[in-house]
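Please read these notes with the structure open beside you, and follow each point on the model as you go.

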Amino acid sequence: MDWLKLLSPNRFGQKKPVEGKGNELRSAFEQDFDRVIFSHPFRRLQDKTQVFPLPEHDFVHTRLTHSLEVSSVGKSLGRKAGEIILQRHPELVRQNLSQFDFGAIASAASLAHDLGNPPFGHSGEDAISDFFRYNPSGIKFKDRVNSKEWADLCNFEGNAQGFRILNKGSYQGLSLTMATLATFTKYPRESLIQQRDENRKSQRKYGFFQSEKLLFQQLAEEVGLIQVGPGGDLSWSRHPLAFLVEAADDICYSIIDLEDGCRLGLVDYNQTKNLLAAILGSKFDETKLNRIDNINERISLLRAIAIGVLIDQCVEVFEANESAMLTGSFDQALTDLIPAKNVLKEISDLSLERIYRARIVLETEAAGFEVINGLLESFLPAAFSVQFEKESCTRRDKSIARLLPGEVFSLPEAQADREYALIMNIIDFISGMTDSFAISLYRKIKGITLPSGFPTNF
């Protein structure tokens, strides 16, 4: 792979190639960041669960605050890695590229990394998948799509949904550069492939649905990703900067979920302190720490220094493997190779035991399964009845279908794709909901509560 191609500032639908990086005030990559942060899908992250539902007496992270923090870490990783890349590839300097461009790309891609997550965290992804795998109302759609489309539905993936959102025409302004889109894609493959290489981290999940496969093929060609795997599989090597986005996410959820767990009393303060101190090594100063009276402030200080240490360690691993990334032969998580990897493993194991299996988290997951299953069970059959089975369409079906946005029924002309397209449009609607709206709508269509008053805007 070649860095000049990997840093393409072109956008889909662009009438002519971009000359330079953007306008005088903002590069094309900085514009990407602004487009994401002002978008509706990004705003909705403020009411989407990260791990914990919002408690009454303290603050924990939502998907929005998590995404902002990952973006900040991604920017630091990108700038530090950019300095190394520019030293090794002076032709980039002659093209007026700087370390700030690398930081902007990594920052924008990190900011968008969770846009495709449905309500209720990762349990929301499982709920959509399980609906098609196990619910009789979902299983019946298997005969209406092809095998690869069915794999999309039975293994719903928030990363692929994110790529879909970033490229939907209905979200005006989210036409990101090719460099940022490729950096965003941690799993550059389709859902159903003949042979998954378990040694490649980028093949553990998938990054685009069948509805966006042609788009991703164009993207891969534009930036010069290397195709991997046997003949018919749509699978590519990662963009090198995607490793930085993954590292930023790994750092933030490991360290900050631990901080939230300590704040909520799920993890002991001393245990939290000792884990963070193990990352800091010689930078840990208990005397200085004890001068701070507030325990939460102590943890905040340790968290801040720990993130800085992890950033430096990840950049060192990136530097050592940059050449292998360009050939597509390197495919591991940076955080699996850093000196602090064993401590991060301890934190992960502790988080699984004390945080992710806490009762309040499990209750939220259980609610998510019920709500998302109920919404799909109501909307999918009704929409199909209205669109494709008009002779047997009931008044209930019509009533339920009228609650769907009009764009749900905007379908391709090709008959073979229409049913899959309708399913995906309904998934767009449900996965885009905030936690609160999903619960509210579920309760209303199930007759548990009745609506009151009128919305102030639409």
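1. In this predicted model, helices H4 and H6 pack at an angle of about 150 degrees, and because angles over 145 degrees count as roughly antiparallel, H4 and H6 are roughly antiparallel to each other. Their axes lie 7 Å apart, and the crossing of H4 and H6 is right-handed.

2. The contact between these two helices draws on residues of H4 including Ser67, Ser71, Gly74, Gly78 and Gly82, and on residues of H6 including Phe100, Gly103, Ala106 and Ser107. Sorted by class, the contact of H4 with H6 holds 8 nonpolar, 9 polar and 3 charged residues.

3. H4 also packs against H13, with an angle of about 130 degrees and axes 8 Å apart, and H4 and H13 are therefore oblique to each other. The crossing of H4 with H13 is right-handed. Among the residues that meet here are Val70, Val73, Leu77 and Ala81 of H4 and Leu244, Ala248, Ile251 and Tyr253 of H13. The contact of H4 with H13 divides into 11 nonpolar, 3 polar and 2 charged residues.

4. H13 has a further partner in helix H14 (residues 269-280), and the axes of H13 and H14 come within 10 Å and cross at roughly 160 degrees, which means that H13 is roughly antiparallel to H14. The crossing of H13 and H14 is left-handed. Ile255, Leu258 and Cys262 in H13 meet Tyr269, Thr272, Leu275, Leu276 and Ile279 in H14, and this contact of H13 with H14 has 7 nonpolar residues, 1 polar residue and no charged residues.

5. Which residues lie nearest the centre of the largest pocket? They are His122, Asp250, Tyr253, Asp257 and Tyr356, out of a lining of 41 residues. H4 and H13, which were described above as packing against each other, are among the elements that give two or more residues to this lining, together with H7 (122-134), H17 (341-355) and H18 (359-388).

6. The space in the largest pocket comes to about 1100 Å³. H17 gives the most to the lining of this pocket, with 8 residues, and the lining as a whole divides into 10 nonpolar, 14 polar and 17 charged residues.

Key
Residues numbered from 1 in each chain as written. Predicted model: local features only at pLDDT ≥ 70, side-chain atom pairs only at ≥ 80, totals over all residues. Heavy atoms only, no water. 1 Å grid on protein atoms, 1.4 Å probe; cavity = no way out; pocket = protein on both sides within 12 Å on 5 of 7 lines; lining within 4 Å. Points joined across faces, edges and corners; volume = space filled by probe spheres on them. Helix = DSSP H or I, 4+ residues; strand = E, 2+ residues; numbered from the N terminus. Nonpolar A, V, L, I, M, F, W, Y, C, P; charged D, E, K, R; others polar. Axes fitted to C-alpha atoms, helices over the stretch in contact; angles between N-to-C directions. Parallel < 35°, antiparallel > 145°, perpendicular 65-115°, else oblique. Left-handed = near helix turned anticlockwise from the far one by under 90°. Contact = heavy atoms within 4.5 Å.
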